[in-house]
Amino acid sequence: MFRILALVATLCAGMTLAVPAADACPMADAKMAAAGDLPKDASLVRYSVEGMTCGSCALKIREVVEQLKGVKMVLVHMDGTMEVAFDDKLTNADAIMASATTAGEYKFKKV
Ligand SMILES: [Cu+2]
């Protein structure tokens, strides 16, 4: 039990933003994906993301972008970056950014 609590604390501490102690870390039970998990046969685009304040922001953006046809995988990192693997026959970097913008008050820039 203590090991699980320690792991959750580590995940929260790894995020760049301070989470109020009373709030549960929203990323605690989210599977942490790494860039190495991106599909090799897809095109890859990377964006900077402004305006994320917590793990829920990252999850919300990911859920929106994942809906876009042609998107294969979305990684939103709390350091303010997003990586998207996509099929370039079905979508493109501009369409991905346009869909991400509908997630809320976030600013995306291709990097
Ligand atoms: Cu948030």
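These are my notebook entries on a predicted model of one protein chain.

**Entry 1: ground rules**

I count residues from 1 along each chain, in the order its sequence is written. Since the model is predicted, local features need a pLDDT of at least 70 and side-chain atom pairs count only at pLDDT 80 or more, while totals for chains, interfaces and linings use all residues.

**Entry 2: confidence**

I looked up pLDDT, the predictor's confidence in each residue, from 0 to 100. The protein chain averages 78, and 68% of the residues score at least 70. Residues 1-32 fall below 50. Beyond near neighbours in sequence, that stretch has 26 contacts in the model; a contact means that two C-beta atoms, placed from the backbone, lie within 7 Å. A note to myself: where pLDDT is low, the predicted coordinates should not be read in detail.

**Entry 3: the parts list**

I found three helices and four strands. Helices (H or I, at least four residues) and strands (E, at least two) are DSSP runs, numbered from the N terminus. Along the sequence, the pattern reads α-β-α-β-β-α-β.

**Entry 4: the sheet**

In what order do the four strands sit in the sheet? I read β2-β3-β1-β4, an open sheet with antiparallel pairing. Two strands count as paired if DSSP finds at least two bridges between them. β2 (71-77) and β4 (107-110) are at the edges with a single partner strand each, so one side of each has no neighbour in the sheet. From one strand to the next, the twist averages 25°.

I then zoomed in on one pair. β2 and β3 (residues 81-86) run antiparallel and are joined by six bridges. Valine 71 stands opposite phenylalanine 86 in β3.

**Entry 5: helices on the sheet**

Helix α2 (residues 55-66) lies across β2 and β3, at about 165° to β2. Helix α3 (residues 93-101) packs on the sheet too, where it touches β1 (43-50), β2, β3 and β4. The direction of α3 makes about 165° with that of β4. For these angles, axes are lines fitted to C-alpha atoms, for helices over the stretch in contact, and the angle between N-to-C directions runs from 0 to 180 degrees.

Which residues of α3 are buried? They are Ile96, Ser99 and Ala100. Buried means 20 or more other C-beta atoms within 10 Å of a residue's own, exposed means 12 or fewer, and partly exposed is in between, with C-beta atoms placed from the backbone. Down the axis of α3, the buried residues fall within an arc of 100°, so they line one face of the helix. The arc is that of the directions from the helix axis to the C-beta atoms. Among the elements covering them are α2 and β1.

**Entry 6: the core**

The largest nonpolar core has 17 residues. Such a core is a set of buried Ala, Val, Leu, Ile, Met, Phe, Trp, Tyr and Cys residues joined through C-beta atoms within 7 Å. Val49, Ile61, Met82 and Ala100 have the most contacts inside it. α2 gives the most to this core, with four residues. Leaving out residues up to four places away in sequence, isoleucine 61 touches Val76, Met82, Ala100, Ala103 and Tyr106.

**Entry 7: one residue up close**

Not counting residues up to four places away in sequence, valine 45 touches Val84, Ala93, Ile96 and Lys110. The C-alpha atoms of valine 45 and asparagine 92 are separated by 8.9 Å, with the two residues 47 apart along the chain.
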